[in-house]
Amino acid sequence: GFSRGTVDRVLNNRGKVKPETEKIIREIAEQMNYKPNLAGKALAARKKSPVIGVITASDGNPFFEEVFHGIDNVADEVSHYGIKIVKRAMRGFNPENQLSLIRELREKENINALILHPISDHKIVDEINNLSDCAVPVITLNTDIENSNRICYVGSNYIQGGEIACGMLGFITEKSANIGVFLGSDKILGHTQRLKGFEQKAKKKFPNFKICAISLTNDDDIIAYEETKKMLEQH
């Protein structure tokens with residue numbers, strides 16, 4: 001007794017259906033042992049041929065090898081539905097470079113959605129909001145960005161991570177230490193949030209913790225080595 005459109009919205013979790021209606025439809029589907037037709041879904045998706053863009057500030061950073069492995073696994077799965085995934089990796093944390101890559105994917109690849117490892121800059125926020133206004137949803141990956149219209153963030157709670165690191169250091173050092181801190185970049189929210197969590201915990205629990213120096217490594221092994229050497233010589 002329901003329209004095909006209403007049934008479709010319920011079975012494909014598209015929303016905009018009264019809870020009592022959804023309950024009835026799901027009960028009937030269960031009684032009938034309904035299973036979605038994957039071939040039919042694939043044919044429907046192929047008519048649209050959506051393209052998902054992925055941009056990460058990851059070139060030269062081995063951490064992202066596993067992230068890309070996960071993306072590649074899903075890319076194989078969704079290719080059967082006509083979905084294409086286009087990846088771009090950039091080196092360093094230059095917002096102009098990231099902005100250029102976003103626009104390249106929009107203009108040349110005609111992306112329908114974007115997964116972004118964002119650099120914290122007002123230009124990137126504006127571009128995310130522009131994409132959102134054009135019905136191109138953005139998901140932030142591994143680090144978030146403030147004041148943007150991204151639809152969700154997938155990653156860690158970095159403030160909590162910083163607090164836990166501080167607590168562990170408290171156990172190791174018997175609550176007193178001179179500390180050197182290395183961040184990849186102050187343009188990545190997750191990096192600055194870790195430091196914020198660490199500092200908050202130290203202020204509350206470990207008054208004898210002293211941060212002697214903070215250094216930025218740009219997630220580069222050579223820079224990290226040189227900065228570590230310099231910090232140890234100075235402190």
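**Ground rules.** The model is predicted: local features need pLDDT of at least 70, side-chain atom pairs count only at pLDDT 80 or more, and totals for chains, interfaces and linings use all residues. Residues are numbered from 1 along each chain as its sequence is written, and side-chain values use heavy atoms, without hydrogens or water.

**Select the whole chain.** Colour by secondary structure. The chain has nine helices and seven strands. These are DSSP runs numbered from the N terminus: helices are H or I with at least four residues, strands are E with at least two. Along its principal axes, the C-alpha trace spans about 75 × 40 × 30 Å. The radius of gyration is 23 Å, whereas a compact globule of 235 residues would have one near 18 Å. That radius is taken over C-alpha atoms, and the globule rule is 2.2 Å times the number of residues to the power 0.38.

Now show the surface. Buried residues are 34% of the 235; buried means under 20% relative accessible area, with the 1.4 Å probe and protein chains only.

**Select Ile-55, Ile-102, Leu-114, Leu-116 and Ile-124.** These have the most contacts inside the largest nonpolar core, which has 22 residues. Such a core is a set of buried Ala, Val, Leu, Ile, Met, Phe, Trp, Tyr and Cys residues joined through side-chain atoms within 4.5 Å. Elements giving it two or more residues are β1 (51-56), α5 (95-108), β3 (113-116) and α6 (122-133).

Centre on Ile-102. Beyond four places in sequence, Ile-102 touches Ile-55, Leu-114, Leu-116, Ile-124, Glu-127 and Leu-131. Contact means heavy atoms within 4.5 Å.

**Select Ala-177, Ile-179, Leu-195 and Phe-198.** They are among the ten residues of a second, separate core.

**Select α8, residues 189-205.** Its 17 residues should span 24 Å at 1.5 Å a residue, and the end C-alpha atoms are 24 Å apart, which agrees. The expected span is 1.5 Å times one less than the number of residues. Buried here are Leu-189, Gly-190, His-191, Leu-195, Gly-197, Phe-198 and Ala-202. Their cover includes α7 (158-173), β6 (176-183) and β7 (208-216).

**Select Thr-217.** This residue lies in the loop between β7 and α9 (221-234). Is Thr-217 buried or exposed? Its relative accessibility is 8%, so Thr-217 counts as buried. Leaving aside neighbours within four places, Thr-217 contacts Phe-182, Leu-183, Gly-184, Ile-223 and Ala-224.

Conventions. Buried < 20%, exposed > 50% of the residue type's maximum accessible area, 1.4 Å probe, protein only.
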